[in-house]
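Please keep the picture open while you follow their conversation.

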Amino acid sequence: MTQRVRIRWNPRAAESRTRAGAARGVRLAVEHLLQVSRARVPIEEGTLERSGTATVDEQELTGAVAYDTPYAVRQHEEMNYRHDAGRGPKYLEQPLNEEAAAMQQIIAAQVRRALR
């Protein structure tokens, strides 16, 4: 016995869902990076740590983490400053490199979820 199954492919719906999942994944990935980097930000009064933000451009499917104080870049780049244990320079660059695979997995999981 042969049974026929009819499948209708809707590429626009698939693309829309993929894009929505990717946007959600990018949002979660940059929020993850923000959380990890906040744990490494040099801290004295907490101003630098509180200035961290995560943003997403859903049209371009890009995300960014930024710290917005006059001294954020200097604290990030100056390797000779003294800091508390576990905190110090490259507080954004190092977590980005270390968490890249986890961030990719977060995005991929959201795309898969959107396509279910």
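This is a predicted model: local features need pLDDT of at least 70, side-chain atom pairs count only at pLDDT 80 or more; totals for chains, interfaces and linings use all residues.

The dialogue below takes up strands, helices, aromatic rings and backbone angles in turn.

Q: In what sense do β1 and β2 pair, parallel or antiparallel, and over how many bridges?
A: Strand β2 spans residues 62–67, and β1 pairs with β2 in the antiparallel sense over six bridges. You can follow individual partners across the pair: Thr53 has Ala66 of β2 as its bridge partner, and Thr55 has Ala64 of β2. The two strands form a hairpin, with four residues between β1 and β2.

Q: Where does Lys90 lie, and is Lys90 buried or exposed?
A: Lys90 is found in the loop between α3 and α4, and this residue also has a positive phi, of about 60°, although it is not a glycine. Its relative accessibility is 17%, and Lys90 therefore counts as buried, since buried means under 20% relative accessible area.

Q: At what angle do helices α1 and α4 pack, and how far apart are their axes?
A: Two packed helices are described by the angle between their axes and the distance between the axes. Helix α1 (residues 11–38) and helix α4 (residues 93–114) pack at an angle of about 150°, and their axes are 7 Å apart. Angles over 145 degrees count as roughly antiparallel, so α1 and α4 are roughly antiparallel to each other. The residues in the contact of α1 with α4 divide into 14 nonpolar, six polar and four charged. As for handedness, the crossing of α1 and α4 is right-handed.

Q: Where is Ile106 placed, and how far is its C-alpha atom from that of His32?
A: Ile106 has its place in helix α4. The C-alpha atoms of Ile106 and His32 are separated by 9.1 Å, while the two residues are 74 residues apart along the chain. Ile106 is partly exposed, with a relative accessible area of 22%.

Q: How many aromatic pairs does a search of the whole structure find?
A: A pair of aromatic rings is described by the distance of the centres and the angle of the planes. The search of the whole structure finds one aromatic pair. This pair is formed by Tyr67 and Tyr91 and is edge-to-face, with 5.2 Å centre to centre and 90° between the planes. The pair links distant parts of the chain, with Tyr67 in strand β2 and Tyr91 in the loop between α3 (72–77) and α4, 24 residues apart. Both Tyr67 and Tyr91 are buried.

How values were computed. Residues are numbered from 1 along each chain as its sequence is written. Side-chain values use heavy atoms; hydrogens and water are left out. Two strands pair if DSSP finds at least two bridges between them. Axes are lines fitted to C-alpha atoms, for helices over the stretch in contact, and angles run from 0 to 180 degrees between N-to-C directions. Angles under 35 degrees count as roughly parallel, over 145 as roughly antiparallel, 65 to 115 as roughly perpendicular and the rest as oblique. A crossing is left-handed if the near helix is turned anticlockwise from the far one by less than a right angle, and right-handed if clockwise. Ala, Val, Leu, Ile, Met, Phe, Trp, Tyr, Cys and Pro count as nonpolar, Asp, Glu, Lys and Arg as charged, and the others, Gly among them, as polar. Rings of Phe, Tyr and Trp (its six-membered ring) pair if their centres lie within 6.5 Å; planes under 30 degrees apart count as stacked, over 60 as edge-to-face and the rest as tilted. Buried means under 20% relative accessible area, exposed over 50%, partly exposed in between (1.4 Å probe, protein chains only).
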